[in-house]
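The briefing is grouped by topic.

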Amino acid sequence: MIKGVLFDMDGVLVDSEAFICRAAVMMFGELGTEVAPEDFIPFTGMGENRYLGGVAQKYNLEVNIDKIKARTYEIYGRIASGNLCALDGVHEFIALCRNKGLRLALATSADTVKMKINLREINVPAETFQSIVTGLDVVNKKPFPDIYLKAAENIGLKPEECLVVEDAVSGIKAGRAAGCRCLAVTTSFDAKALHEADWVCSSLLQVPAEALKW
């Protein structure tokens with residue numbers, strides 16, 4: 001029986017992709033390198049180290065990942081302020097899960113600073129979740145299962161008792177590798193790309209009833 005829900009953040013709770021991508025493009029511009037938004041697509045959902053580092057590698061740039069990440073977050077915080085909102089159905093779905101007595105965890109590949117910005121902007125208090133695991137808490141990022149294994153453990157559940165809610169291919173792979181069932185939201189990838197998920201929906205307003213009834 002389902003006992004818990006493990007939420008990804010970007011693309012599930014909030015559509016922040018355009019802002020973090022814009023911030024990253026601006027950061028690389030400050031370094032004198034013009035990069036394209038599509039350069040970041042292969043690294044979506046893998047955490048900012050890989051998101052930024054993968055593009056730097058593509059352009060043969062030697063960078064200090066901590067410095068460029070900090071600068072990207074500075075830009076992100078400025079351009080995202082007042083411009084982010086929760087995706088359709090987020091507040092309703094969280095309320096539904098809580099009413100069912102399910103334990104909730106947030107498992108995001110993003111760093112803590114970005115997580116705090118996003119939750120503040122979409123008015124989802126950190127206390128909504130019994131546990132929050134960020135990309136700083138695990139060595140191996142998605143598609144490795146570590147973040148979901150840790151999130152399940154933190155809320156006292158076995159992975160097979162948890163539903164992972166994801167929008168990225170790497171996140172679905174991570175959830176399945178952890179032994180969880182997976183619900184995919186087609187925010188960032190189309191349904192065909194997310195075919196490994198147990199259920200697929202267009203938004204959290206359209207979640208199949210079966211996803212919370214096993």
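This is a predicted model: local features need pLDDT of at least 70, side-chain atom pairs count only at pLDDT 80 or more; totals for chains, interfaces and linings use all residues.

Residues are numbered from 1 along each chain as its sequence is written, and side-chain values use heavy atoms, with hydrogens and water left out.

**Nonpolar cores**
- A nonpolar core is a set of buried Ala, Val, Leu, Ile, Met, Phe, Trp, Tyr and Cys residues joined through side-chain atoms within 4.5 Å, where buried means under 20% relative accessible area, exposed over 50% and partly exposed in between (1.4 Å probe, protein chains only).
- The largest such core has 53 residues, among which Val5, Phe7, Leu13, Phe93 and Val165 touch the most other members.
- Helix α1 (residues 17–30) gives the most to this core, with seven residues; helices are DSSP runs of H or I, at least four residues, numbered from the N terminus.
- A second, separate core of 21 residues includes Ala105, Tyr148, Ala174 and Ala184.

**Lining of the largest cavity**
- A cavity is a set of points on a 1 Å grid over the protein atoms alone where a 1.4 Å probe fits but cannot get out, and its lining residues have an atom within 4 Å of a point.
- Of the 22 lining residues, Asp10, Glu17, Thr44, Gly45 and Lys114 lie nearest the centre of the largest cavity.
- Helices α1 and α2 (48–58) each give two or more residues to this lining.

**Lysine 173**
- Lysine 173, in helix α7 (residues 169–178), is partly exposed, with a relative accessible area of 34%.

Definitions and conventions. On a 1 Å grid over the protein atoms alone, a cavity is a set of points where a 1.4 Å probe fits but cannot get out, and a pocket is an open set with protein on both sides within 12 Å along at least five of seven lines; lining residues have an atom within 4 Å of a point.
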